[in-house]
Amino acid sequence: VATADVVNGNSRRDPLAVLIEAVHEAKSHLDESFSQGRAILLGEEDHPADKKQGPKLTETVIVWEDIWFDYDVNQVKTSGRMIENSHGRDVIVTMDAGVLPGVSLRGYGESKFIKENGRTVEVVQWL
């Protein structure tokens, strides 16, 4: 989902401490929601055109069931299960054909912009 201290394709860097704290918080909400019989971390078929909207139930193709920080590779990892609705079946067939989808994190937080090696990098302060 995200790698710590690396500038990603969106020119954004998530510091190690920020990701660890975000994973801890997401994990506690995830555990709480599952104990109440509901899911809170969902994945959609496509990147949303309107980043301010919540997930669309009919376009949800995955329910994330776990989230953790892998210290060996400094990455946020997740596991989940595919939903076999019409969108989910299309994704499954595409993946079975060898096409692996990308992942885009939807969240909110604060960041600051810095100049680094001649380019502007967004450094996440909290997520």
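This is a predicted model: local features need pLDDT of at least 70, side-chain atom pairs count only at pLDDT 80 or more; totals for chains, interfaces and linings use all residues.
Residues are numbered from 1 along each chain as its sequence is written, and side-chain values use heavy atoms, leaving out hydrogens and water.

Let's start with the rings. Searching the whole structure turns up two aromatic pairs (ring centres within 6.5 Å, using the six-membered ring for Trp; planes under 30 degrees apart are stacked, over 60 edge-to-face, the rest tilted). Phe69 and Tyr71 have ring centres 5.0 Å apart and planes at 65°, so they count as edge-to-face. Phe69 is buried at 9% relative accessible area, whereas Tyr71 is exposed at 53% (buried is under 20%, exposed over 50%, partly exposed in between, with a 1.4 Å probe and protein chains only).

Then there's Tyr108 with Trp126: centres 6.0 Å apart, planes at 90°, so that pair is edge-to-face. It links distant parts of the chain, 18 residues apart, with Tyr108 in the loop between α2 and β6 and Trp126 in strand β7, residues 119–126 (DSSP runs numbered from the N terminus: helices are H or I, at least four residues; strands are E, at least two). Tyr108 is exposed at 68% relative accessibility, and Trp126 is partly exposed at 39%.

What about Val103? Val103 sits in the loop between α2 (86–96) and β6 (110–116) and, at 54% relative accessibility, is exposed.
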